[in-house]
Amino acid sequence: MNIPIITITGTKGKTTTSYLVAEVLQALGRDVLRVDTTGHYLNGKQRSTLSDSKQIWGLVPSVSPGRFLYEFITQPKLQAKGVAVLEASLGSSALPGMGYRSHDVGVFLNVFSDHLGSSSRLQSRADIADAKQFIFEKLERGGWAVANVDDELVAAKLDIVPSHLDIKILPCGLNFNHFDLAKHLASRQLALSVKDDKIVLLEKSKSTELVDLTKIAWTFNASYMPSVWNVLMAVAAVYALIDGKWTPKVRQAFEAVRLNPYGGRITVLKAANGATIISDYAHETVSLTEIAKLARTLVGPKGEVIGVVRLANDRTNELIRETGKGLAQAYDRCIVYDKIDGHFRKPRAAVRSLKFPESVGRVSEILAPAIAEHGGQVERILREDKALERAAEIAGPNDVVVHIVNDDVQRSIGFVKKYFKAEFV
């Protein structure tokens, strides 16, 4: 079995980028296995869930994602046009590994200060970059290394790309401050960037337009940078897989992709009273701040940005408090709920971590005071449904509510629809 594999890692944007790559490849006639944090999918149809993976293997799907390549064994008719798009999280650098030997395209998105302190090996951003360098170490001979070179730590990891395997390096950037672009292009290599709201292919003496970002609604006319980066990196991944054979059909496939409204990524709804709700899976300071900036551009006269927010349990007290500071600065008011609320999610009976004990409300008990300490207006309501019910009470027609979804995204969106009497935009 020789199935091409695209593997995507980084701190933020893995699931969205994986989804975009898979949707485009499927539109181009490929049989696509996609694995992300929510489960595994075959040609867009979900075959297993996050809960299934945890119950069977004790792992989230994006840890050792090669487990799901069995789909091509059990359905050999899919092998001829098969391709795997795999999200790989930090756990893939630990004992479970990748679940396969090598990949053809390795995509390194970014390194943010998430999960710091969660283990003895992750004390700095550099430690996270070290843990994720498998993305370049596991490249197949003749493969492609796709890198966000505007991230200094990602750019530095290009040095470990195996030189004897004829790997092609495809840097992506807006400013290329941490990469010698001129030298790279002079050696007849390629790069991807954004110019005049278009994704462009850079060569030594010319640039070629590949995708018009303004035609992709969830980039908000190329103004929402997390989405711009997701598209840029996805374009690079597909460009690498098809070995540069870019056609109008590929461009059309990118410009036609719409996000799954139940995917937890930039889902926009409109409440009966006119308020706007953005549901998203942002989970660390940078992304929580960026989604608030987007919301700020959508508020009406005298409108406010209201956050209904939560954090995962595997965060140090220091990191939770630091996130609280960022939330206080980014949002006009916050309603903090907790993933471990004693109702939808009870603490596990077995102790999983002495460092991050599971107790009802531990995270929100730290986060809410941290927001208040830095001048933020905040309420603490443990349950997500009650937090959204409260947000619906206080949100006016010119306000924008940023809702950070829980693991059960469909349930989360259901609460928004119920309490705001909201519909998708």
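1. At a relative accessibility of 87%, Lys302 counts as exposed; the term stands for over 50% relative accessible area, buried for under 20%, and partly exposed for values in between, with a 1.4 Å probe and protein chains only. Lys302 is not a glycine, yet its phi is positive, about 60°. The residue sits in the loop between helix H10 (285–298) and strand S14 (305–309).

2. This is a predicted model, in which local features need pLDDT of at least 70 and side-chain atom pairs count only at pLDDT 80 or more, while totals for chains, interfaces and linings use all residues. Residues are numbered from 1 along each chain as its sequence is written, and side-chain values use heavy atoms, with hydrogens and water left out.

3. The loop between H10 and S14 also holds Glu304, which is partly exposed at 26% relative accessibility. Glu304 touches Val299, Asp332, Arg333, Asn398, Asp399 and Val400, with residues up to four places away in sequence not counted; contact means heavy atoms within 4.5 Å. From Glu304 to Ala395 the C-alpha distance is 8.3 Å, for a sequence separation of 91 residues.

4. Overall, the chain has 14 helices and 18 strands, taken as DSSP runs numbered from the N terminus, with helices (H or I) of at least four residues and strands (E) of at least two. Its radius of gyration is 21 Å, close to the 22 Å that the globule rule gives for 425 residues, so the chain is as compact as a globular protein of that length. The radius is taken over C-alpha atoms, and the rule is 2.2 Å times the number of residues to the power 0.38. Along the principal axes, the C-alpha atoms fill a box of roughly 55 × 50 × 40 Å.

5. Of the 425 residues, 55% are buried. Among contacts with a separation of 6 or more, 68% come from residues 24 or more positions apart. The chain exposes about 17800 Å², of which carbon and sulfur atoms supply 50%; areas come from the Shrake-Rupley method with a 1.4 Å probe, and for residues only the protein chains shown count as cover.

6. On charge, there are 54 positive and 47 negative side chains, and the centres of the two sets lie 4 Å apart. Lys and Arg count as positive, Asp and Glu as negative, while His and the chain ends are not counted. Each charge is placed at NZ of Lys, CZ of Arg, CG of Asp or CD of Glu.

7. Seven strands form an open sheet with mixed pairing, in the order S16-S15-S14-S17-S13-S12-S18. Its edge strands, S16 (377–380) and S18 (423–424), each pair on one side only; pairing requires at least two DSSP bridges between two strands. Within this order, S12 (residues 267–270) and S13 (residues 276–280) run antiparallel and are joined by four bridges, with Thr267 opposite Ser279 in S13.

8. Two hairpins can be read side by side. S3 (residues 39–42) and S4 (residues 45–49) are antiparallel and share four bridges, with Tyr41 opposite Gln46 in S4. Two residues lie between these strands, and Asn43 takes a positive phi near 50° in this hairpin. S9 (residues 191–195) and S10 (residues 198–202) are antiparallel over five bridges, with Leu192 opposite Leu201 in S10. Here too two residues lie between the strands, and Asp196 takes a positive phi near 55°.

9. Phe176 is another non-glycine residue with a positive phi, about 55°. Phe176 belongs to the loop between strand S8 (168–172) and helix H7 (181–186), and is buried at a relative accessible area of 9%.

10. Helix H9 (residues 248–256) has Val250, Ala253, Phe254 and Glu255 buried. The buried residues of H9 pack against helix H1 (14–27), strand S11 (207–212) and helix H8 (225–241). The loop between S11 and H8 contains Thr219, which is buried with a relative accessible area of 0%. Thr219 touches Leu213, Tyr224, Ser227 and Val231, again without residues up to four places away in sequence. Thr219 and Phe424 are 205 residues apart in sequence, and their C-alpha atoms are 17 Å apart.
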